[in-house]
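Thanks for coming, everyone. Please have a look at the sequence and the model on the screen, and then I'll walk you through it.

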Amino acid sequence: MIDSTHLEQLGLKNINKIYHNLGFDELIQHELDNGECSMTSSGATTVDTGVFTGRSPKDKYFVNQEPSNKYIAWGDVNQKIDKAIFDELFELSKSQLSHKDLYVTDVFTGASPASKRSIRFITEIAWQSHFVTNMFIRPTKEDLKTFKSDFTVFNACKAVNEKWQEHGLNSEVFVLFNIEENMAIIGGTWYGGELKKGIFSMMNYWLPLEGKLSMHCSANIGKDGDTALFFGLSGTGKTTLSTDPQRRLIGDDEHGWDDEGVFNFEGGCYAKVINLDPSSEPEIFGAIKRGALLENVMFDCEGAVDYASCVKTENTRVSYPIEHIENHEPSLMGGHAQNIIFLTADAFGVLPPVSKLSKEQAMYYFLSGYTAKVAGTERGITEPVATFSACFGEAFLPLHPTVYAKLLGEKIDKHRVHVYLVNTGWSGGGYGVGKRMSIKDTRACINAILDGSINECEFDTTDIFGLEVPKTLGEINPSVLNPRNAWEDKVAYDATTKKLAAMFIKNFQKYQTADSAFDFSEAGPRG
């Protein structure tokens, strides 16, 4: 067990009680006793994360120091902070955490023995300890006897930086990473996702420098041992579509791919629950039971949750241990991937429900990382807005996107991987005119990919985007498969297609430098 001496060596003073790696029952009791959470009728606890119901990407910084500054792709995503300012905010964080009862949670990230890291989280909030216990790989009692952290996260969420303007920062919130000293500090935000994605950012730094691919994707494995990867930004169906009763879930969000195969970074899932429907997502609905932790949901006096409510946020979520999914892969590992699926929610209604990609197209769409926001999701959005996030997770990539793309290309070549683009967005017209793809049809596309039957289809090639689409596929209406056929107004379709193509072309220009080995623009749409 950890004692106060160790925490004092980290700079924390006069620690009261230390709660080290509590079990779920103990954590739930602490949450309730502390007044942090409420109990719902399903047995899950629910927490309100306060002002912040999502991450604060503009408040994330890396210390500008050698040697990490040679590798980091500096810019809007990866911002610099001086070591002196980091040290000042570390003192503020240590002051906040001193003279308190603290929760210390030791976990692993990375299920592959060749790639895993040991992480220690320190917080004064019980539910945040619960969150990381849900989300990361839990050590055994034997593991804890010799546990030594590779990286420590100090979550001082109650501390705020009142000198943020003097420091030249974005706000009083700070999410700071010191790679050389193997630590991160968090202040001003209670949102649990900062803990999860902070470690994901670090794995995205560590692994590629070892020649291993880190990925923002879900993964599952079939009865014959075939592994599939699902890349996609928030809202594209990554968690829903990888949770399949016919296939064992490896993980729903973050994975690595080393010489041994694909492996989960985490030991839990973090699913959106807005409009959660038990008939279409029974596995996720069933996972919301004792041990699960809901965020920012509305519930009545009986503890019944209203999943349709977005009073607090559209980003209502639940974290739960992966064991809550009955059909999961206990090892959290699979072999080398046979199929890769890029998910996009195209609100313009231009992209087909499913298309087969060449190696060059795969590289183009991976670097593009496209989806679309729809009207009403954010203030001021009145029509679909294209969103491009390199590698389907640019916000979490400390290195340049082409580092990850190069590794993916090598994996595709070496393991002869099939790659597909699947649109979970709109068909027959854009948002407000067409209809959202049904989960039934999307699952039919996914199933055809995974059982190989899509390879027996005849294919057409779409205009402008040049995508290979099946002429027929199972019981799916053939008119849906080629998006132009699904639109009544062909003139409007052609105009919208050209509009979206221009957005892709403009976005990809940053990879078209003279010395770039990643100019795959010929595999993209034509202007």
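Cys301 is exposed, with a relative accessible area of 78%. Exposed here is over 50% relative accessible area, buried is under 20%, and partly exposed is in between, using a 1.4 Å probe and protein chains only. The closest cysteine sulfur to that of Cys301 is in Cys37, 19 Å away, too far for a bond. Cys37 itself counts as buried, at 10% relative accessibility. The cysteine sulfur closest to Cys37 is in Cys157, at 12 Å, again too far for a bond.

A word on the ground rules. This is a predicted model: local features need pLDDT of at least 70, side-chain atom pairs count only at pLDDT 80 or more, and totals for chains, interfaces and linings use all residues. Residues are numbered from 1 along each chain as its sequence is written, and side-chain values use heavy atoms, with hydrogens and water left out.

Next, salt bridges. I mean a side-chain nitrogen of Lys or Arg within 4 Å of a carboxyl oxygen of Asp or Glu. By that rule there are 27. Take Lys312 and Asp48: their closest N and O atoms are 3.5 Å apart. Lys312 sits in the loop between strand S19 (305–306) and S20, and Asp48 in the loop between S3 and strand S4 (60–63), so this pair ties together parts 264 residues apart in sequence. Those labels are DSSP runs numbered from the N terminus: helices are H or I with at least four residues, strands are E with at least two. Lys312 is partly exposed, at 34% relative accessibility. Asp48 is partly exposed too, at 42%.

Now Lys196 and Glu254. Are they buried or exposed? Lys196 is buried, with a relative accessible area of 2%. Glu254 is buried as well, at 1%. Their side chains meet in a salt bridge, 3.3 Å from N to O. Lys196 is in helix H7 and Glu254 in strand S14 (residues 254–258), so to speak distant parts of the chain, 58 residues apart. Both belong to a salt-bridge network that links Lys196, Lys197, Lys238, Asp253, Glu254 and Glu266.

One further pair is Lys471 with Asp460, at 4.0 Å from N to O. Lys471 counts as partly exposed, at 37% relative accessibility. Asp460 is partly exposed, at 32%.

On to the core. In soluble globular proteins, nonpolar side chains tend to be buried together. A nonpolar core here is a set of buried Ala, Val, Leu, Ile, Met, Phe, Trp, Tyr and Cys residues joined through side-chain atoms within 4.5 Å. The largest one has 112 residues. Leu229, Ile340, Phe342 and Phe465 have the most contacts inside it. Which helix gives the most to this core? Helix H7 (residues 193–206), with seven residues. A second, separate core has 23 residues, including Leu12, Ile15, Ile18 and Val104.

Look at Phe342. Contact means heavy atoms within 4.5 Å. Leaving aside neighbours within four places in sequence, Phe342 touches, among others, Phe231, Leu357, Ala362, Tyr365, Phe366 and Phe392.

Helix H10 (residues 359–368) comes next. Eight of its 10 residues are buried, so H10 is largely enclosed by the rest of the structure. The buried residues include Ala362, Tyr365 and Phe366. Just after H10, Gly369 takes a positive phi of about 55 degrees.

Last, a sheet. Five strands form an open sheet, ordered S2-S3-S17-S20-S16, with mixed pairing. Pairing needs at least two DSSP bridges between two strands. Which strands are at the edges? S2 (37–39) and S16 (268–272), each pairing on one side only. On average, neighbouring strands are turned by 25 degrees against each other, direction ignored. Axes are lines fitted to C-alpha atoms, for helices over the stretch in contact, and angles run from 0 to 180 degrees between N-to-C directions. Inside the sheet, S3 (residues 45–47) and S17 (residues 293–295) pair in the parallel sense over three bridges. Thr46 has Leu294 as its bridge partner in S17. Helix H2 (residues 24–33) lies across S2, S3, S17 and S20 (317–321), at about 110 degrees to S2.

Terms used
A disulfide is a pair of cysteine sulfur atoms within 2.5 Å.
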